[in-house]
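Student: I am new to this structure and would like a close look at a single part of it. Please take me through that part and what surrounds it.

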Amino acid sequence: MPAKALFKRKHRPSGLEFPSCSSCNNGTSAADSLVAFFSRIDPYSNLDENDWKVTDAIKYLQSAESGAPGVVRELLGDDRAEEALYQLPSGLLVPVVRTEAGPISQKLLAVWSLKLSMALFAEHVGKPLPLTGGAFGMWFLNAGLAQETAEGFLKILPIAATLSQGKKTSSGQFDYRYNSDGKSIVAALAHFHNNIHFFVLAFEDPEKYGFPKNGLSHGIFARPGELIDLMPPKTPLHVYRNPSGAFKP
C-alpha cells in the first residue's frame, strides 16, 4: 500500500508491503484505480493526449468503472462536467473540464484513505491496527487542499518519508509527512504527484481521542474489517460516452 498503479509505469520502490485477505484486497481494488486516476489529473499539465498521465488516467478510470459501475457517468457525464478555463502559473488560460466527486467517487476515496491509514499504522507502530481500533481519513483533489489547511497539518507532522529502494525513491510521486508515538497512534499527510492528498489518522484506542463521536468533520471513521461494507454497491455495468467530445482531464 499504495498499489503499483499509483506509480509511473508501475515502477514502485519497495516498502509499505503488508499481508491482506483476498476479499479485502480484491474487493477494494476499484478504490485503487480511482485514486490512480485522480493522481494523474494535473492542473498544470499541458493536457497533451500523448502525455503518460493522460493515457494512464483514461486506463485507470475505465478500471474503476469496472469495479464501481457509474463512476464515469458521475464524473464526466454531460450533466456533471463543465468546460472551463484554468489559469496556469504562467498566466496562460487553458481549456479544461471541471467536475466534482459524486457519491460513488466519495465512497471509493474514503475507503482508500482508510486503507492508507491502516497501512501507515502497521508501518510506524509495528503491528496491525486491532479490530477494536479505528481509522480516519480525509481526501483533497487537485484544487481542494488550501495552503492554510496544509500548513496546519504539517505543524504536527515533522517527519518526512517516502518509499526507497537503493537510489530509487518515490519522491515526487508519493511522499508523506507523519507523526507517531510508535505505540498506539499515527497521523500523516500524503500526496501523489501533487494532484491528490490524504490526511489520515489511526488509533489503537480511538475513544481516547474522541472518535468516532467527536472526530474531525469532512472525513470518515471506520473500524478494521468494515472497508467492504463502505464500498459503493455494485450496479449493472454500462458503457458511457461523452457526446460533447473526447476525454480531457
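In which helix does G67 lie?

Tutor: The model is a predicted one. G67 lies in helix α3, which covers residues 52-67. With a relative accessible area of 22%, G67 is partly exposed, because buried would require a value under 20%. Leaving aside residues up to four places away in sequence, G67 touches A30 and K234. G67 can also be placed relative to A110: the two are 43 residues apart in sequence, and their C-alpha atoms are 15 Å apart in space.

Helix α2 comprises residues 29-40, and its axis comes within 8 Å of the axis of α3, crossing at roughly 155°. An angle over 145 degrees counts as roughly antiparallel, so α2 and α3 are roughly antiparallel to each other. The crossing of α2 past α3 is left-handed. On the α2 side, the contact is made by A30, S33, L34, A36, F37 and R40. On the α3 side, G67 takes part along with W52, K53, D56, A57, Y60, L61, S63 and A64.

Helix α2 also meets α5. The axes of α2 and α5 come within 9 Å and cross at roughly 100°. That angle falls in the range of 65 to 115 degrees, and α2 and α5 are therefore roughly perpendicular to each other. From α2, the residues in this contact are A30, A31, D32, L34, V35 and F38; from α5, they are S105, L108, L109, V111, W112 and K115.

Helix α5 runs over residues 103-125. At 1.5 Å a residue, its 23 residues should span 33 Å, and the end C-alpha atoms are 33 Å apart, which agrees. Most of α5 is covered, with 19 of its 23 residues buried. Just after α5 comes G126, which takes a positive phi of about 90°.

One further point concerns the cysteines. The structure holds zero disulfides. A disulfide is a covalent bond between the sulfur atoms of two cysteines. For C21, the closest cysteine sulfur is in C24, 4.9 Å away, which is too far for a bond; the cut-off is 2.5 Å. C21 counts as partly exposed, at 46% relative accessibility.

Terms used. Residues numbered from 1 in each chain as written. Predicted model: local features only at pLDDT ≥ 70, side-chain atom pairs only at ≥ 80, totals over all residues. Heavy atoms only, no water. Helix = DSSP H or I, 4+ residues; strand = E, 2+ residues; numbered from the N terminus. Expected span 1.5 Å × (residues − 1). Buried < 20%, exposed > 50% of the residue type's maximum accessible area, 1.4 Å probe, protein only. Axes fitted to C-alpha atoms, helices over the stretch in contact; angles between N-to-C directions. Parallel < 35°, antiparallel > 145°, perpendicular 65-115°, else oblique. Left-handed = near helix turned anticlockwise from the far one by under 90°. Contact = heavy atoms within 4.5 Å.
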